[in-house]
Amino acid sequence: MIIDCHGHYTTTPPQVGEYREKQKEAVAKDPDFIGEKGQIIISDDEIRETIEKNQLRLQQERGTDLTIFSPRASWMGHHIGNEHTSQFWTEHQNDLIRRVCDLFPKNFAPVAQLPQSPGVDPAKSVPEIVRTVEQMGFIGINLNPDPSGGHWNGSSLADRSFYPIYEKMVEYDIPAMVHVSAACNECFHTTGSHYLGADTTGFQQLMMSDVFKDFPELKIIIPHGGGAVPYHWGRFRGMALDQGFELEERVLNNIYFDTCVYHQRGIDLLLDIVPTKNILFASEMIGAVRGVDPETGHFFDDTKRYIDGNTALTAEQKQEIFEHNSRRVFSRLQIPA
């Protein structure tokens with residue numbers, strides 16, 4: 001079986017965007033506006049159409065079986081409005097993911113967005129973890145290390161304010177994918193510098209901290225191939241040694257990297273540097289890069305080809321990356337027969 005650990009619902013019906021625009025209009029007039037959750041009226045047939053013509057079609061064309069599915073990352077928008085804005089928006093987004101997975105239980109498994117907001121205690125996201133895991137059967141969360149949207153003026157992932165989230169993750173045995181949302185700072189391109197810089201920053205914060213000492217069972221996924229981490233593994237090893245510890249001992253029992261790297265040589269580098277047991281297959285389709293590579297004639301985000309094309313991996317190692325590692329990391333994953 002081939003499990004894609006990183007997919008987002010980027011093709012939602014237009015009613016979702018319309019709801020969000022109304023939220024934005026309300027908080028633009030009054031930043032303290034609370035409002036209410038309200039409703040987004042979408043039929044099952046509308047959801048089916050958005051999935052069947054897009055993610056499900058590409059699953060079938062590219063030979064993958066199941067996508068671990070979460071709300072659209074660039075739309076999480078934790079910097080928009082206030083904590084109430086984020087709470088209502090997050091609940092709707094997670095409700096939609098649950099509906100997709102109910103309609104296509106063999107093809108999608110749910111991961112939750114959190115209602116983070118700048119300046120708000122991360123512990124306030126714990127009730128949504130409880131709701132989505134206990135009541136809705138979610139198997140993981142996305143954790144934003146920068147709810148400010150590119151200003152980086154909040155707490156590090158090493159800060160104890162995140163410990164209630166880590167405690168709940170360990171209790172439920174669920175992983176978190178470290179994933180920022182859209183950048184509102186014009187210095188950063190959202191899916192380029194902001195995403196990849198945040199991957200690197202999240203790794204740096206955690207490796208230099210006591211988080212994995214305090215939570216030895218914690219599971220963290222760094223997406224997009226780890227940002228700059230594999231390319232600069234020597235730099236991180238050197239910094240670790242300067243601080244008196246071994247990088248591999250500090251991080252490789254807890255941190256995993258996905259394969260959202262969009263060329264063969266990049267994947268080959270990742271596979272050469274990071275142990276196979278720490279790599280999860282992923283494509284992030286339909287996501288940040290949607291075009292065809294003119295050098296190969298194939299879609300950039302058709303990442304299965306890059307794993308298949310790596311000649312150094314054994315068949316057993318490929319299956320670990322395609323399936324077994326995701327089953328281990330997402331231990332709550334249950335796939336219908």
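Which side chain meets that of Arg-62 in a salt bridge? Select Arg-62 and Asp-301: their side chains meet at 2.8 Å, N to O, where a salt bridge is a side-chain nitrogen of Lys or Arg within 4 Å of a carboxyl oxygen of Asp or Glu. Arg-62 lies in helix H3 (residues 55-62) and Asp-301 in the loop between strand E10 (298-299) and helix H12 (304-308), so the pair ties together parts 239 residues apart in sequence. Helices (H or I, at least four residues) and strands (E, at least two) are DSSP runs, numbered from the N terminus.

This is a predicted model, in which local features need pLDDT of at least 70 and side-chain atom pairs count only at pLDDT 80 or more, while totals for chains, interfaces and linings use all residues. Residues are numbered from 1 along each chain as its sequence is written, and side-chain values use heavy atoms, with hydrogens and water left out.

Colour by accessibility next. Arg-62 is buried at 12% relative accessible area, and Asp-301 is buried at 3%; buried means under 20%, exposed over 50%, partly exposed in between (1.4 Å probe, protein chains only).

Now select Asp-44 and Arg-99, which form a salt bridge at 2.7 Å, N to O. Asp-44 lies in helix H2 (residues 44-52) and Arg-99 in helix H4, so this pair links parts 55 residues apart in sequence. Asp-44 is partly exposed at 36%, as is Arg-99 at 26%.

Last, select Lys-37, Glu-91, Asp-95, Glu-128 and Arg-131, which are linked in a network of salt bridges. The whole structure has 19 salt bridges.
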